[in-house]
Amino acid sequence: MAQVPQPLDALAVRTWCGLALQELGRTREEIDAINVYPVADGDTGTNLYLTVESAAAAVEAVFAGYEAGGTQRPTLADAVRAMAHGALIGARGNSGTILAQLLRGMAQVLADGETAHTDAQGLRLALRRAADSARQAVAHPVEGTVLTVASAAADAVTGTEGDCAGVARAAYEGARAALAATPGQLAVLERAGVVDAGGRGLVAVLAALVETFTGEAPRLPDSTGRIVHARVGGVTPLVPGECPDVPADGGGPAYEVIYLLEAEDAAVARLRRRLDALGNSLVVVGGDGLWNVHVHADDAGAAVEAGVEAGRPYRIRITHFAEGDVHTGGAGRPPRERVQRAVVAVVPGEGLAGLYQAAGATTVLARAGEPPASGELVEAVRRAHAREVVLLPNDADLRHTAAAAAEQARTEGVRVALIPTRSAVQGIAALAVHEPERRFDEDVVAMTSAAGATRHAEVVVAELQSWTTAGICQAGDVLGLIDGDVAVIGSDVTATAESVLDRMLAAGGELVTLVLGDEVPESISERLESRVRESYLAVDTVVYRGGRQGALLLIGVE
């Protein structure tokens, strides 16, 4: 076991995030299985895991930045702000969004520049602020949920004496007792014979806090709130949407809508009222211009349009509560059968996501500067619900993340092949030759061969002055990268793209794939298509719109 830090400092935050991630990883399936409220879609444990994974990754990035600079460790304020921001941008589902606000509430106290909150009193205040701010973020708070458990944890530490370890223990015990009482507060839990899934996840997070300060993991409750030995299973998982005591009358909204939103406070207040009229399970968390919005609604388009009116929504996720969930499932419906084979791909833009999905792939959207974590890839493999999965990371920097996800999926009984695609255009080439009817090994070999035979390039704008393999570039220069290396430095997007294309086709080629970003006009693709037609015989060109994909232009030559 790693050395356990005693003071409330940046290292304690790092340790807590790591231990919470481990604990949620161990209990994820159990928490998913008892998820019956507000929608029995069996994903609360997974959503909490992904939220904490994003928080932990943000904290690790802060430590890495300080280590790279050769300076001291980050301060407590640095670490908790990173934790809160990471949770905010990575929050998933209803419970994940509430957890993000709990962490933000703690950060507001612990990062207060006017008062040093590095002791037990600071932790008490942080837990109180966390519970209060989370309750305020929910449009219609319901007792018997994670909000009740968070409030109980905050109440339990009021007046406690001792160090941070004592406060953490008191918070955990208060939360555990409140969790055990949730079936008596929420009828749907009592009928199913389980405790609240979100509250169960919060108890796991608080157990990690206890271990952070004491070095010992407390005993954990099972799905009914009874204590079991720490890290030992012993409950029979429920099948989400299949418990005969949970109503499945199709009465809830059809979609879950989540997005990040850049907006002013006044606009968010109006947005809350608008979304509250559209659906339920409304949670809006964040502040300082960045918000995470979660709502269940029948009109997903109207929920997104409300965000557009309020500010700039992005990382939009819309999930249809389709077959097998609480709205369509029932006691007599058999579990959904696994398909034989699926493709899971990371894509850099909404346009490419649509293209991949039309070809049958399950996609994970990657934003510039926000690479997906391994947990997101594992969750995509689970969503694909297949016995065999071909994984396309489409980014050289994601090879280790994808390998970790593949290994995790294999432990869950899924046969996974990782094809080391370094660009979305290589993924397109691989997907074009994918044939699910072939033997798995033959299909993987054909897809790997197609990807490897595709050279890839991108045209981007330099953000800073720097040395490159093509010389010194200045901020604002247009760069043409071929197979990951800068090959052309120019001032005009079209001219740079033409130069890159000429260099790639000098070695031959049969098919050129162009993927245009949002900021690139159609005239550029027309110019490049014309150049290929006039200068290179028997070479075809296909053009796609990639949306907000980071690069101005992606080019593939097969």
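1. Arg438 has a relative accessibility of 22% and counts as partly exposed (buried is under 20% relative accessible area, exposed over 50%, partly exposed in between, with a 1.4 Å probe and protein chains only). Its side chain meets that of Asp443 in a salt bridge, N to O 3.0 Å (a side-chain nitrogen of Lys or Arg within 4 Å of a carboxyl oxygen of Asp or Glu). Asp443, at 0%, counts as buried. Both residues belong to a salt-bridge network that also links Arg341, Glu388, Arg415, Arg439, Asp441 and Glu442.

2. The model is predicted: local features need pLDDT of at least 70 and side-chain atom pairs count only at pLDDT 80 or more, while totals for chains, interfaces and linings use all residues. Numbering runs from 1 along each chain as its sequence is written, and side-chain values use heavy atoms, with hydrogens and water left out.

3. The salt-bridge count comes to 29. One of them pairs Asp155 with Arg128 at 2.6 Å, N to O. Asp155 is in helix α6 (residues 146–157) and Arg128 in helix α5 (residues 120–137), so this bridge ties together parts that are 27 residues apart in sequence (helices, H or I of at least four residues, and strands, E of at least two, are DSSP runs numbered from the N terminus). Asp155 is partly exposed at 46%, and Arg128 is partly exposed at 25%.

4. Helix α7 (residues 164–181) has 18 residues, and at 1.5 Å a residue it should span 26 Å; the end C-alpha atoms are 26 Å apart, which agrees (the expected span is 1.5 Å times one less than the number of residues). At its start, a side-chain oxygen of Asp163 comes within 3.2 Å of the backbone nitrogen of Ala165. The buried residues of α7 include Cys164, Val167, Tyr172 and Leu179. Glu173 and Arg176 form a salt bridge with closest N and O atoms 2.7 Å apart; they are three residues apart in α7, or about one helical turn. Glu173 is partly exposed at 38%, as is Arg176 at 22%.

5. Glu256, in strand β3 (residues 255–262), is buried and has no salt bridge; Arg92, the nearest side chain of opposite charge, is 8.1 Å away (Lys and Arg count as positive, Asp and Glu as negative; His and the chain ends are not counted).

6. Arg14 sits over Phe63 at 4.2 Å from the ring centre, and Arg312 sits over Tyr314 at 4.4 Å (NZ of Lys or CZ of Arg within 6 Å of the ring centre and within 35 degrees of the ring normal).

7. Positive phi values deserve a look. Arg315 has phi near 50°; this residue is in strand β6 (residues 312–320) and is buried at 11%. Asn394 has phi near 55°, lies in the loop between β9 (386–392) and α14 (399–411), and is buried at 9%. Helix α13 (residues 374–384) has eight of its eleven residues buried, among them Glu376 and Glu379.

8. The peptide bond joining Tyr37 and Pro38 is cis, with omega about 0°. Pro38 is in the loop between α1 (10–33) and α2 (44–69).

Methods
Polar contact = N/O pair within 3.5 Å; in protein donor to acceptor, adjacent residues only side chain to side chain.
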